[in-house]
Amino acid sequence: MLPYATIHDAEAAINRSLTTAETLWFNYSANKSDYFLYCHNILFLFLVFTLVPLFYVFIELLFSNYIIDYKIQPKVNNSFADNISCYLDVMRMFILVVGPLQLVSYPSIKMIGIRTSLPLPSLMEIVSQLFVYFLVEDFTNYWIHRFLHGKWGYENIHKVHHEYTAPIGYAAPYAHWAEVLILGIPSFLGPAMVPGHMITFWLWIALRQIEAIETHSGYDFPWTLTKFIPFYGGADYHDYHHYVGGQSQSNFASVFTYCDYIYGTDKGYRYQKKVLRQLKDGLKSDGKQNGGSHVSVQDIKSE
C-alpha cells in the first residue's frame with residue numbers, strides 16, 4: 001500500500017510530477033495491500049497458462065496446411081482433446097500447488113525487498129533486471145535439469161514432464177508437483193539477487209512462462225526470438241530434448257544455450273543438425289540430377 005493519501009503527497013515525496021504510468025499505478029495501487037498486489041501473479045499465471053497455448057491450438061486447427069513446414073515433428077499430431085486433457089492436468093496442478101505456493105510465499109518476497117512504491121522503475125532498469133533474472137534462472141535451471149535427468153531424478157520426478165515426446169504449448173508447465181516446487185527456486189533467485197519493483201516481478205513471471213510455452217509449442221516459426229537473439233534456444237532446440245526423451249543428456253538449457261555449449265551437452269543436437277543439413281543437401285543434389293524429384297521438408301524432419 002502506498003504511503004501517500006493523494007497524488008499531491010506522492011509528488012511532494014519524490015519531488016517531481018508523476019508520469020502518466022505513475023499516476024495510473026497510484027490510482028490502482030494506493031489503497032491495495034502489497035500482499036494483494038503480489039497475489040496478482042496467480043491471475044497472470046492463469047491467463048498465461050490458458051491463453052498463450054491456445055494460440056498454437058487454434059493455428060494448428062485452422063491453418064494446419066499452411067504451417068506444416070514449421071512443425072518440428074510433423075508426423076506427430078495431438079488432437080484438440082489431447083490439448084484439453086493436458087490443460088486440465090495443468091489446471092489441477094495450478095489449483096493444488098502453484099496457486100497455494102503463491103499465496104504463502106509472500107513473506108519471502110517482502111524479505112528480499114520487492115517494492116510497490118513510487119517512483120516506478122525506468123524502462124532501462126526493467127530490461128536490465130529482466131536480463132539478469134533470465135541469466136540467473138537459466139544457469140540454475142540448467143544444473144537442476146541435469147540432476148532431474150539422473151536415474152533417481154528422472155524416474156521419480158522428471159519423467160512426468162517427458163510424457164510428451166513431441167511437446168505442445170500446454171505441456172510447458174505439465175510436470176510432477178515436486179518439479180514445480182523445485183523449479184520455483186531458479187525463478188526466485190534472480191529477483192532475490194537483484195530486487196526490483198513489483199511490476200518488474202510480474203513481467204518476469206509472465207515472460208518466463210510465455211517463453212517456456214513457445215519453447216514447447218512444437219513449431220519453429222521464422223518470427224520467433226530464436227532467429228534474432230544469440231544463444232537463445234527456442235522450440236527447435238528444446239524439442240530435440242523431448243524427442244530423445246528420458247535418455248537425453250543434451251539440451252538442458254531453459255532459455256539460453258551457453259551452458260550446453262560450455263559443458264558440451266549440446267553435441268548430440270549439433271550432430272543431428274549437421275546430418276540433416278547434409279541429408280537435405282544430398283537430396284536436393286539428387287533431385288536435380290534426376291529431373292527435379294521433390295522431397296518435402298517434412299520427410300527430412302521425420303528422419
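1. The lining of the largest pocket has 23 nonpolar, 15 polar and 3 charged residues. Here Ala, Val, Leu, Ile, Met, Phe, Trp, Tyr, Cys and Pro count as nonpolar, Asp, Glu, Lys and Arg as charged, and the others, Gly among them, as polar.

2. The model is predicted: local features need pLDDT of at least 70, side-chain atom pairs count only at pLDDT 80 or more, and totals for chains, interfaces and linings use all residues. Residues are numbered from 1 along each chain as its sequence is written, and side-chain values use heavy atoms, with hydrogens and water left out.

3. About 930 Å³ of space lies in the largest pocket. Of its 41 lining residues, Val180, Leu183, Gly184, Ser187 and Gln209 are the closest to the centre. Lining residues have an atom within 4 Å of a point on a 1 Å grid; a pocket is an open set of points where a 1.4 Å probe fits, with protein on both sides within 12 Å along at least five of seven lines.

4. The axes of α4 (40-67) and α5 (80-104) come within 10 Å and cross at roughly 170 degrees. The two helices are therefore roughly antiparallel (angle over 145 degrees). Among the contact residues are Phe46 and Phe49 of α4 and Tyr87 and Phe94 of α5. Contact means heavy atoms within 4.5 Å. By class, this contact has 13 nonpolar, 5 polar and no charged residues.

5. Phe228 sits in the loop between α11 (198-215) and α12 (234-244). Phe228 is exposed, at 59% relative accessible area; exposed means over 50%, with a 1.4 Å probe and protein chains only. Beyond its neighbours within four places in sequence, Phe228 contacts Pro222 and Trp223.

Note on methods: Helix = DSSP H or I, 4+ residues; strand = E, 2+ residues; numbered from the N terminus. Buried < 20%, exposed > 50% of the residue type's maximum accessible area, 1.4 Å probe, protein only. Points joined across faces, edges and corners; volume = space filled by probe spheres on them. Axes fitted to C-alpha atoms, helices over the stretch in contact; angles between N-to-C directions. Parallel < 35°, antiparallel > 145°, perpendicular 65-115°, else oblique.
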